[in-house]
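The following report describes selected local features of a protein model. The sequence and structure are shown first.

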Amino acid sequence: MARITEDELDDIRARNPIADIAMGYTKLRRAGGRLVGPCPICGGKVSSQRFEVVEKDGTWLCAVCPDGGDVIRLVEKVEGCDFRAAIERLGGRTAIDAARAKELFEERERKRLAREKTSADYREAERKRLHRTWKQTQPIHGTIAARYLEGRGLQLPERCPGLRFAPAMPYWHGETIDDHGRKAGPRKIHEGPAMVGAFIRPDGKFGGLHLTWLYDNEYESDLPRKAEILDPDSGEVLNAKKMRGSKTGAYIAIQMHDAPRRLVIGEGIETVLSVWTAMHQAGRPLDDMAFWAAGDLGNLAGRANRTVNHPMLKRPNGQPQKVPDRFPDLEDPGLSIPDTVEELILLGDGDSERVLTENAMERAARRYARQGRVIRIAFAPAGLDFNDLLKAAAA
Ligand SMILES: [Zn+2]
């Protein structure tokens, strides 16, 4: 088969709207101009909203896989087939005459220009906004956020540069509609105390925020817990955690070290703090160690080279569920591990889907392997996370 031209690819994409194809694989709902729902690749077990489709760009993105692209790449990943087979499944290529070719070219140029104008500038402006928010936060020790962590049996390092506290953080959700029924910008549905984490990019710069809204009980005896925030329209309970800005390749420093010999990396802040607390309470030396939270599994492990069949899980149509493989796509550098690290400890929570987590951990181990570096993978027992273990040990 001859090389497929850009025109032919655009024609295939135009004939197969991404929303239609994605909705054939998974259940999606509208949220803030996007379609969100369980990822058709890494599974319905993972909480929703990590897979999203942007119809106007014809793209999809999953933060857990982590992967994304156009409709052809979606078919490749979900079906576990190659590029050519994906094109066949989308109806194959058809002959394109000169008029259609011109139309496709103009559409492509229009989209490219619109993309260039918005994305890079928009992202940088958003990063600067988030950085201003970060600079207005307070040290975490002695705050509601510290008490919230204490309630979960967690302690904080004396110096914990990546975690701070905001007494009144706004929670934005959906759009405000004005008297004329027009969209009038983002809508604030809640404001309250929050634990705030900063993502540090591989270049050492601030990248974005990790936010956990908390509910401060008026009774002193009750410990603060995660806020319950409801969608004012649907009454649906919204996630009290949000990540904003760019976390790709970035981490939250739970314990910082310029040249660590040992580095512990886990998905969530509380996972990593559980291990820090356990080691601290056991009197283990921590001077040569750094502790990072990667935000999610996908960011910890980086992109896979391909997807493979899940050994048990099936899609609704009876086909095997696909999961990202154990082998890394080395074009994605993943996290930037300091050269000084001789021992890398990766934490796998038992509360995520087992095969997905195991593959991610093994992928990370392969990606970060170096001569003279030992890599250990620590798994919490099935159905538990490290915080459950810590609480069980304390009881
Ligand atoms: Zn996914």
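In this predicted model, Cys62 counts as buried because its relative accessibility is 2%, below the 20% limit for that class. Cys81 takes part in no disulfide, and the nearest cysteine sulfur, that of Cys65, lies 15 Å away. Cys81 has a relative accessibility of 16% and therefore also counts as buried. The structure as a whole holds zero disulfides.

**The zinc site**

Cys62 is one of the residues that coordinate the zinc ion; the donors are the SG atoms of Cys39, Cys42, Cys62 and Cys65, at 2.2 to 2.4 Å. Along the chain, these donors follow the spacing C-x2-C-x19-C-x2-C. Cys42 is located in the loop between strand S2 (34-37) and S3, whereas Cys62 belongs to strand S4, so this pair ties together parts that are 20 residues apart in sequence. Both Cys42 and Cys62 are buried. The arrangement around the zinc ion is tetrahedral, because the four donor atoms subtend angles of 102 to 112°, and the class requires all angles to lie between 85 and 135 degrees. For reference, the ideal angle for four tetrahedral donors is 109.5 degrees.

**Two glutamates**

Glu55 occupies the loop between strand S3 (51-54) and strand S4 (59-62). With a relative accessible area of 38%, Glu55 is partly exposed. When neighbours within four places in sequence are left aside, Glu55 is in contact with Ile18, Ala19, Arg30 and Leu35. The side chains of Glu55 and Arg30 also make a polar contact at 3.0 Å. The C-alpha atom of Glu55 is separated by 47 Å from that of Gly372, a residue 317 positions away along the chain.

Glu79 is placed in helix H3, which spans residues 71-79. Its relative accessible area is 18%, so Glu79 is buried. Not counting residues up to four places away in sequence, Glu79 touches Tyr25, Arg89, Arg315 and Lys322. Between the side chains of Glu79 and Tyr25 there is a polar contact of 2.7 Å.

The table lists relative accessibility for residues discussed above.

| Residue | Relative accessibility | Class |
|---|---|---|
| Cys62 | 2% | buried |
| Cys81 | 16% | buried |
| Glu79 | 18% | buried |
| Glu55 | 38% | partly exposed |

Terms used
Residues numbered from 1 in each chain as written. Predicted model: local features only at pLDDT ≥ 70, side-chain atom pairs only at ≥ 80, totals over all residues. Heavy atoms only, no water. Helix = DSSP H or I, 4+ residues; strand = E, 2+ residues; numbered from the N terminus. Buried < 20%, exposed > 50% of the residue type's maximum accessible area, 1.4 Å probe, protein only. Contact = heavy atoms within 4.5 Å. Polar contact = N/O pair within 3.5 Å; in protein donor to acceptor, adjacent residues only side chain to side chain. Donors = N, O, S within 2.8 Å, 3.2 Å for Na, K, Ca; no water. Tetrahedral: all angles 85-135°; square planar, octahedral: opposite > 155°, others 65-115°. Disulfide = S-S within 2.5 Å.
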